[in-house]
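Dear colleague,

Here is the structure I said I would pass on. My notes on what was found in it follow below.

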Amino acid sequence: ADRESSSSREGDSSKARKRLERKPLSIERTKGSEILFGIAPCSLALSQSRRDLFRLFLKQSSGPRRLVMSEFVLQATARGVPVHHVKRRELDALCRGQIHQGVCLEATPLRFKSLEEAEKPDLGDEENPNQQLIWLVLEQIQDPMNLGALLRSAYFLGVDRVVTSQRNSCPLTPTVSKASSGAMEVFDVYSTDDLRSFLKAKTAEGWEVVGTVSKPEDVENVPVISCLEFRWNNPVIIVIGSEGDGLSLETQLLCHRMLAIPPGRTLHPGIESLNVSVATGILLHSICSQKLRHGD
C-alpha cells in the first residue's frame, strides 16, 4: 500500500511538474509598450525609425523559417534591439493568441498625426496643377481588421493621405498593423477632431468631396452615380462611412456626389452590401486607375 501511495504521489508531482512546464513564462513588459506580431509588421517596424523598439522575440526555429529568423536577428542587431529566442507558447502569451508567425516585437505605439503637422510637405504638390491628389477620409471605422485592410489598399493603390475622424474610430493597434500587412508601419495616418470643418475647408480650396453609399435609394439631396461613371478632374477626397451605418447625414450633405458600386446580379435581401474595406478597394481602384492613365 505504501508503495502504491508513494507511486501515486510521484505521479501527482510529475503531473504538477508538467503543468508548470506548460505554463508560459511571464515576460515583464516595458511601461507604455505594446506587442507587435507577425513577420511584415515586425520587419517594417524594425526598418523604419517611427517607434522606440525594446525587444524582439523569435520562435526557436530549425525549419524553413530559419532564414527569415536570421534576417530578423541581423535587422535587430543593426538597430541595437535585444533578441530573445523563446518557445511558441511564450509568443502565444505575448500576443494573446494572435497569429504571430514566430515573431513578436515590443515597441512604443504609433499615434495618429495631426493635420497641422502635415501642411508644409504638401505645398509642393498643390503648386503643381498637373498633380492629381487623392485623399481617403474614414468616418468612425471601428473594426481593426477593416482599418488595417483599408490602409493596405490605400497604400497599394496610391492614395496620398488617409485621415480618420477622432471620435469613435479604432486606434492604430498591433492588430491594425497585422491586418495592413505592415502598411501602417510605413504610411502616416492623420486624424481630425472636426471632420466637417475639415471637409468644408478642403471644398473651399477646390477639392471635390465624394461620399460612398451601398444603397443609392437611401441618399437624399446629393447626386448618386456609379463609380464607373466618375471622372476625376480636381483633387479628390473619398469619404468612407462606418461599418454599420455608413456616412452620417451631416457628412453626406457636405459631399458633392455619392459613389455606388453596381452589383453584378439581382441581390438576395440581406446580402445587399460589401464589406467596407472591399468596397473601398474597388472604389479606389476605379479612381486611382484614372490617375495612372492621366500620367501616361
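Helix 2 and helix 3

The axes of helix 2 (residues 39-47) and helix 3 (residues 66-79) come within 9 Å of each other, and they cross at roughly 25°. Please keep in mind that this is a predicted model. Angles under 35 degrees count as roughly parallel, and helix 2 and helix 3 are therefore roughly parallel to each other. Their crossing is left-handed.

On the side of helix 2, the residues that take part are Ile39, Cys42, Ser43, Ala45, Leu46 and Ser47. They meet Val68, Phe72, Gln75, Ala76 and Arg79 of helix 3. Sorted by class, this contact has 7 nonpolar, 3 polar and 1 charged residues.

Nonpolar cores

Which residues have the most contacts inside the largest nonpolar core? They are Leu136, Val162 and Ile238, in a core of 32 residues. The elements that give two or more residues to this core are strand 6 (134-138), helix 6 (144-157), strand 11 (236-240) and helix 10 (276-295).

Leaving aside neighbours within four places in sequence, Leu136 is in contact with Ala154, Val159, Arg161, Val162, Val163, Ile238, Ile240, Thr280 and Leu284.

Another core, of 21 residues, lies apart from the largest one. Among its residues are Val137, Phe198, Val222 and Val239.

Loop residues

- Gln140 lies in the loop between strand 6 and helix 6. Its phi is near 60°, a positive value in a residue other than glycine. Most residues other than glycine have a negative phi. Gln140 is buried, with a relative accessible area of 19%; the cut-off for buried is under 20%.
- Asn168 is found in the loop between strand 7 (161-165) and helix 7 (174-179). Asn168 also has a positive phi, of about 55°, although it is not a glycine. At 40% relative accessibility, Asn168 counts as partly exposed.
- Glu220 is found in the loop between strand 9 (208-212) and strand 10 (224-226). Is Glu220 buried or exposed? With a relative accessible area of 58%, Glu220 is exposed. Glu220 and Leu249 are 29 residues apart in sequence, and their C-alpha atoms are 9.3 Å apart in space.

Regards

Terms used. Residues are numbered from 1 along each chain as its sequence is written. This is a predicted model: local features need pLDDT of at least 70, side-chain atom pairs count only at pLDDT 80 or more; totals for chains, interfaces and linings use all residues. Side-chain values use heavy atoms; hydrogens and water are left out. A nonpolar core is a set of buried Ala, Val, Leu, Ile, Met, Phe, Trp, Tyr and Cys residues joined through side-chain atoms within 4.5 Å. Buried means under 20% relative accessible area, exposed over 50%, partly exposed in between (1.4 Å probe, protein chains only). Helices (H or I, at least four residues) and strands (E, at least two) are DSSP runs, numbered from the N terminus. Contact means heavy atoms within 4.5 Å. Axes are lines fitted to C-alpha atoms, for helices over the stretch in contact, and angles run from 0 to 180 degrees between N-to-C directions. Angles under 35 degrees count as roughly parallel, over 145 as roughly antiparallel, 65 to 115 as roughly perpendicular and the rest as oblique. A crossing is left-handed if the near helix is turned anticlockwise from the far one by less than a right angle, and right-handed if clockwise. Ala, Val, Leu, Ile, Met, Phe, Trp, Tyr, Cys and Pro count as nonpolar, Asp, Glu, Lys and Arg as charged, and the others, Gly among them, as polar.
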